[in-house]
Amino acid sequence: MLATLAVTLTLSGCGGAIPDAPHRARPQPTIAYQPIRPDEGQCLSDLGAKAAGFTPLPDQYYGAGCATFNAVRLASLSGDSQSFNISNLGPVTCPLANTFAGWARFGVDRAARAILGSPLARIETMGSYSCRNVAGTDKRSAHATGNAIDVAAFVLADGRRITVLNGWNSDDPAEREFLHTVHQSACRRFGTTLGPDFNAAHRNHLHVDLMNNGVCH
Ligand SMILES: [Zn+2]
């Protein structure tokens with residue numbers, strides 16, 4: 001605590017623009033340039049307790065309402081008895097990563113076991129952070145702050161790959177039931193869940209984010 005305070009005070013007069021004089025000791029980069037605020041520390045600790053594989057990322061501001069603060073890179077999550085990978089995902093905010101981890105384990109992995117008889121091996125996404133507006137509006141999307149994830153497919157341990165595009169109205173009733181079940185459990189956990197029934201733009205993915213409350217289509 002005292003060490004952190006000392007480094008913070010030292011830096012407060014630095015401003016960041018003046019190059020370090022050669023004789024000055026460089027502060028520890030992890031403390032100096034990426035302070036962990038208490039609520040963020042708690043969030044990271046919660047994510048660690050879920051046995052997630054992740055890397056905390058430095059805050060980034062891209063301008064024009066686009067930024068990733070308090071974000072992590074999520075590589076893997078844990079089910080009841082196995083871990084599974086998350087593919088093609090960019091930076092996501094830590095609170096979203098926590099909610100996603102809970103959904104992936106209790107909403108997706110358990111549904112895969114119960115309905116399709118195989119545990120989950122991978123969740124394929126279409127990404128998270130993207131500096132863009134909500135389609136057809138001048139409002140920034142939750143993606144513009146790393147607060148949304150687009151989920152495209154689920155790969156099971158037995159090799160089956162269930163895509164939102166082909167499975168939502170599949171001839172196979174078990175695939176349909178699985179996708180509609182994970183959609184419903186997403187609605188219970190995320191603020192906003194949008195799937196193929198919302199509009200044609202979502203025919204191939206489930207959009208989940210923490211904005212609003214109880215928006216479920
Ligand atoms: Zn989306």
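Predicted model: local features only at pLDDT ≥ 70, side-chain atom pairs only at ≥ 80, totals over all residues.
## The disulfides at a glance

Let's start with the cysteines. The structure holds three disulfides. If you number the bonded cysteines of the protein chain in sequence order, they pair up as 1-3, 2-4, 5-6. As a quick reminder, a disulfide is a covalent bond between the sulfur atoms of two cysteines.

## C43 and C94: helix to helix

C43 and C94 are joined by a disulfide, with an S to S distance of 2.2 Å. This pair links distant parts of the chain: C43 sits in helix α3 (residues 38–49) and C94 in helix α4 (residues 94–116), 51 residues apart. The torsion about the S-S bond of C43 and C94 comes out at about -110 degrees, so this disulfide is left-handed.

Are these two cysteines buried or exposed? C43 has 9% relative accessibility and counts as buried, because the cut-off for buried is under 20%. C94, at 0% relative accessibility, counts as buried too.

## C66 and C131: strand to loop

Next up is the disulfide between C66 and C131, whose sulfur atoms are 1.9 Å apart. C66 lies in strand β3, while C131 belongs to the loop between β7 (120–125) and β8 (148–156), so the bond ties together parts that are 65 residues apart in sequence. Here the S-S torsion is about 80 degrees, so the disulfide of C66 and C131 is right-handed.

The two ends of this link sit in unlike surroundings. C66 is buried, at 0% relative accessibility, whereas C131 is partly exposed, with a relative accessible area of 40%.

## C187 and C216: helix to strand

The sulfur atoms of C187 and C216 are 2.2 Å apart, and the two residues form a disulfide. With 80 degrees about the S-S bond, the link of C187 and C216 is right-handed. Once again distant parts of the chain are linked: C187 is in helix α6 (residues 173–189) and C216 in strand β12 (residues 215–216), 29 residues apart.

As for accessibility, C187 is buried, with a relative accessible area of 12%. C216 is partly exposed, at 30%.

Strand β2 (residues 60–63) pairs with strand β3 (residues 66–68) in the antiparallel sense, over three bridges. Which residue of β3 stands opposite Q60? That one is T68.

Now for the turn of the hairpin. There are two residues between the strands, and A64 takes a positive phi near 55 degrees.

## The largest pocket

Finally, the pocket. The largest pocket has a volume of about 490 Å³. It is lined by 23 residues, and the closest to its centre are V134, A135, S141, L194 and H207. Which elements give two or more residues to the lining of the largest pocket? They are β10 (192–194) and β11 (206–209).

Terms used. Residues numbered from 1 in each chain as written. Heavy atoms only, no water. Pairing = 2+ DSSP bridges. Helix = DSSP H or I, 4+ residues; strand = E, 2+ residues; numbered from the N terminus. 1 Å grid on protein atoms, 1.4 Å probe; cavity = no way out; pocket = protein on both sides within 12 Å on 5 of 7 lines; lining within 4 Å. Points joined across faces, edges and corners; volume = space filled by probe spheres on them. Disulfide = S-S within 2.5 Å. Buried < 20%, exposed > 50% of the residue type's maximum accessible area, 1.4 Å probe, protein only.
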